[in-house]
Amino acid sequence: MKTHRRNQLLLVLVLIVGAGSTLALVLQALNENINLFYSPAQVMAGEAPINKRIRAGGMVLMDSVQRPDNSLRVKFLIGDLKSAQFPVVFEGILPDLFREGQGVVAEGRLDQAGVFVADEVLAKHDENYMPPEVAQVMASDKVSNLP
Amino acid sequence: MIIELGHFAIILALAMSCCLAVLPTLGVYLQNPVLLRSGGSLAAGMFVFTLVSFICLTLGFVNDDFSIAYVARNSNTALPVYYKISAVWGAHEGSFLLWCLVMSSWTLAVSQFSQQLNDDMRARVLAVLGSLSIGFFLFLIFTSNPFERTLPFFPSEGADLNPLLQDFGLIVHPPLLYVGYVGLSVPFAFAIASLTSGQLDAAWARWSRPWTNVAWAFLTVGITLGSWWAYYELGWGGWWFWDAVENASFMPWLLATALVHSLAATEKRGVFRSWTVLLAISAFSFSLLGAFLVRSGVLTSVHAFAVDPERGVFILYYLVIVIGSSLLLYGLRVGKMRVTVGFGWKSRESFILANNLILTVAVVTVLLGTIYPLMYEWFMSGQKISVGPPYFNIVFVPLMLPLIALMALSSLSRWRKTASTVLLRDQPLRLLISLGMTIFCCLLASTWNLWFLFVSLLCFWLIVNLLADARYRIGRHWFAGLLKQTPSYYGMWMAHIGIALSALGIVTTLTLSEEIDVLMSPGDQQQMSGYEITFQGVTRVMGPNYSADRGAIEISRQGELVEMLYPEKRLYAPSQNVMTEADISVSLWRDVYVALGESIGNQAWSVRVHIKPLVRWIWLGGVLIALGGFTTVLDRRYRNRKVIRARQSKPDPDLHLSAG
């Protein structure tokens, strides 16, 4: 009976330690892999960290997309409805729904010069859709623009 | 007129579901045989009215009735007729009508194929399914009615179906996925019914096992198809993104996988009873949670439907009611499920326990990653974050590797206890053989990537063990031996082989793929993995409702033509949507995947080229897993009603036999 009890206690202890350490490791992994989102205004105000993987989004400004002829390198500006904006460079193939005047979210790092070096640019599958983060950026602008 | 008929029919279906929830339950308490047996006809009525309403909406699409708001938003006269039909479930409202149709089909199936149940149990199960349906119909009618009109000023032309959805994948992926999702309501209903009846023996496990296996197999097919579709249709060459909506389907699948195994233990040995009931409740709850995540728009996802807070709130209430009440019931009854059956630590029960433990932990980690952005936003004053795929890879992969190792040994295990010699005697030899196969593959692929090495070793070990076990069971007379094996064994065998093939496909694709985005002018050539990729330029072609730039790309190997590929960049006229249509040279051993990026001037295009070894194995494995699930249902235990009835009528202390 006593050994039985001791075994049970041991089992419970092992389970608690196992579950605890698993949870700690998982939370650690989680915290290392979250990407914070920043709006153009926040990026301009210097709130976004330099050289750390983040997401930033807003509207691709009209007439801002430039592509030097002989490479896959693209430059464009992401901004909100007011005057906040920041430059983005991306090398690769842009999604189909990437267009000037459309909402996008870029993932990548901000360099020392304030240029956002994106390794991924997300637009939506659906033209009616606006990524929630971008929708929020636009909505907050509208509210603050009211007289 | 037809549309009003459809609208009316769905309201009648709601009425039927209300009756189905109430009347059989009354029958149980009043011991009234008429009410007790009313479930079958009510289920049939619910199915027929839902079907009528579904057909009406389909007719609206086929006849281009743009006075219906839903049709006007998601169809167009130029759409080919098969896409008009599949457009019925191309957006939120119609897809939920399909969900309801699937729900009533499952209910009908349960009422038809559960003759072996006693009337009492059958009435309880159908009543639970009816109650669940009430919520679904209310949701459909009040928050997402596909029958709303745009009268009197209706558009003369529809806005078109999203081009991504104009594809074979959309025709089959959602229906199969829903059959799986909603099918999990059946084991849920069996679990609740046995909790309410207090009939907490292992009989419910035997009843719900075939249903669970079928629902799980459909879910497997649905997820596999979704992955395949994303691969060829999105133009990114990816087959799994750890996207919130993918996770929403993956979590119920993981739980259903655990349920399939623990049900086996409960049926055969009577162990884990309360845990199995809890799993059945959780699996369905997670499929509802998935519906919430997808349809409320709370998470950023490539799949999310148009955002409408009202819907999210409705599903959230529904979720709270269903989960809350079933857990409450569970809490009240769980004390009665004391099990005294024991088992040794090397028994099959232990293997199943370990499998359940790992799968549950996997679900928790995926759930954490999926809803972490939500929690973060709530607790950190609106700060938005996303959780990247690296999190899921770091956490999920280490969990799956021991699972494969367990699987390798589990087929040798026996119920109750397994002798160490049976389990371990041949393992050194088998590991050596697997190591040999792994080294051969490494030499063949000329790689010494550790991930590839380790995962291949595990997979080969699993395959060798399964083969050896089959060889042992079949014995000397192979034909007679093959016939002697039960469908359950064949099902297990196929599903586990499927896992091994899938895992081999995944690790090979992840470690050995070559992927480039490159700028190509006509005549340019690119060398990749021993292939020469030559861009021959782009021509303009016309489709039924789009115009396209079609690239011609020659794939050759050592100067010999392998295949010509024609990827397209399509412009769909009605919606002015641009879409990438990749082209793929398919083989069992490798895919060559090409997609056009955009025109960069001077006839030069950005081109995406991927060479993906063994990528087909991922889906091939998925299909095998599902086939395994379907095969188990052929087992005579489930077909031979007389035998089961005879077994059932054996005295059982707390079995209440009804008046009928």
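Student: Which residues does B:Ala256 touch, not counting those up to four places away in sequence?

Tutor: B:Ala256 touches B:Leu184, B:Thr212, B:Ala215, B:Trp216, B:Leu219 and B:Ala283. Touching, or contact, means C-beta atoms, placed from the backbone, within 7 Å. This is a predicted model: local features need pLDDT of at least 70, side-chain atom pairs count only at pLDDT 80 or more, and totals for chains, interfaces and linings use all residues. Residues are numbered from 1 along each chain as its sequence is written, with chains lettered from A and ligands numbered from 1 in the order in which they are written.

Student: Which residues touch the most other members of the largest nonpolar core?

Tutor: B:Leu255 and B:Ala256, in a core of 221 residues. Helix α10 (residues 203-233) of chain B gives the largest share, 17 residues. A nonpolar core joins buried Ala, Val, Leu, Ile, Met, Phe, Trp, Tyr and Cys residues through C-beta atoms within 7 Å. Buried means 20 or more other C-beta atoms within 10 Å of the residue's own. Helices are DSSP runs of H or I, at least four residues; strands are runs of E, at least two.

Student: New topic. How many residues of chain A are in contact with chain B?

Tutor: 26 residues of chain A, with 33 of chain B. Among the elements of chain A that each supply at least two residues is β1 (34-38).

Student: What does β1(A) join to?

Tutor: Strand β1 (residues 385-387) of chain B, by 3 bridges, running antiparallel. A:Asn35 has B:Ser386 as its bridge partner there.

Student: And what does the model score?

Tutor: ipTM 0.83 and pTM 0.92.

Methods
A residue is buried if 20 or more other C-beta atoms lie within 10 Å of its own, exposed if 12 or fewer, and partly exposed in between; C-beta atoms are placed from the backbone. Two residues are in contact if their C-beta atoms, placed from the backbone, lie within 7 Å. Two strands pair if DSSP finds at least two bridges between them.
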